[in-house]
Amino acid sequence: MMVSSAKLKFQVISKRRPVPSSAAYASGAAAQLRASADSLRFVDRMRWLRSLGVSLAFFSIAGVFYSNHAAPAVWALLLLNALAWPHLAWYLARRSADPYAAERRNLMADSASAGVWVVLMHFNLLPSVLLTAMLAMDKICVGGWRFLGYNALPQAAALALTAALAGLHLDPA
């Protein structure tokens with residue numbers, strides 16, 4: 001009996017790496033494994049984007065803090081946010097049972113921290129708009145306009161709470 005080369009090739013490939021059927025992907029275990037791998041790739045990708053964004057924001061915020069003669073505690077908070085937060089967020093998301101949901105919570109924490117920085121910069125116009133726009137673009141890319149709307153609430157709440165605690169100082173110059 002003669003076997004065609006195409007059929008032989010298919011058999012060799014299928015023996016090396018079985019291709020699961022669409023029913024297997026639809027089943028819970030395979031779908032969860034694929035979703036988990038996608039979630040972990042998303043978390044890893046966001047780690048470097050967050051590190052870059054926080055680093056760039058650090059310099060614009062630090063410039064305002066320097067000109068405003070910010071307190072040492074505020075500088076310490078900024079350094080902690082710039083140096084530790086991206087890696088802590090990555091660690092929390094990677095160790096979570098649902099990394100995708102954990103990363104979305106981390107993105108909400110990013111928005112809340114922006115509300116804090118805007119108040120501590122005394123609403124300095126250019127860095128405040130830059131920070132808010134950068135984070136808005138981030139949220140739209142990840143989850144669209146609806147996700148941006150969900151993140152506006154923690155940002156506004158953090159802004160209001162920080163203004164109540166630190167005082168409302170307007171210096172948009």
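Here are legends for a handful of close-up views of this predicted model.

Local features are kept only at pLDDT of at least 70 and side-chain atom pairs only at pLDDT 80 or more, while totals for chains, interfaces and linings use all residues. Numbering starts from 1 along each chain as its sequence is written, and side-chain values use heavy atoms, with hydrogens and water left out.

**View 1. Ser51 in helix H3.**
Ser51 sits in H3, residues 28-68 (helices are DSSP runs of H or I, at least four residues, numbered from the N terminus). With a relative accessible area of 14%, Ser51 is buried (under 20%; exposed is over 50% and partly exposed in between, using a 1.4 Å probe and protein chains only). Its side chain reaches the backbone oxygen of Arg47 at 2.9 Å. Neighbours within four places in sequence aside, Ser51 is in contact with Pro86 and His87 (contact means heavy atoms within 4.5 Å).

**View 2. Helix H5 against helix H6.**
The axes of H5 (residues 85-94) and H6 (residues 99-120) come within 8 Å and cross at roughly 155°; axes are lines fitted to C-alpha atoms over the stretch in contact, with angles from 0 to 180 degrees between N-to-C directions. H5 and H6 are therefore roughly antiparallel (over 145 degrees; under 35 is roughly parallel, 65 to 115 roughly perpendicular, and the rest oblique). On the H5 side, Trp85, Ala89, Leu92 and Ala93 meet Pro99, Ala102, Glu103, Asn106, Ala109 and Asp110 in H6. Sorted by class, that contact has 7 nonpolar, 1 polar and 2 charged residues (Ala, Val, Leu, Ile, Met, Phe, Trp, Tyr, Cys and Pro are nonpolar, Asp, Glu, Lys and Arg charged, and the others, Gly among them, polar).

**View 3. Helix H4 against helix H6.**
Here the axes of H4 and H6 come within 12 Å and cross at roughly 150°. That makes H4 roughly antiparallel to H6. Val74, Leu77, Leu78 and Asn81 in H4 meet Ser113, Trp117 and Leu120 in H6. The class tally for this contact is 5 nonpolar, 2 polar and no charged residues.

**View 4. His69 in the loop between H3 and H4.**
His69 lies in the loop that runs between H3 and helix H4 (72-83). Its phi is near 55°, a positive value in a residue other than glycine. At 68% relative accessibility, His69 counts as exposed.

**View 5. His122 in the loop between H6 and H7.**
His122 belongs to the loop between H6 and helix H7 (125-166). Although not a glycine, His122 has a positive phi of about 60°. A relative accessible area of 22% makes His122 partly exposed.

Technical notes. Helices (H or I, at least four residues) and strands (E, at least two) are DSSP runs, numbered from the N terminus. A polar contact is a pair of N or O atoms within 3.5 Å; within protein, one must be able to donate a hydrogen and the other to accept it, and residues adjacent in sequence count only if both atoms are side-chain atoms.
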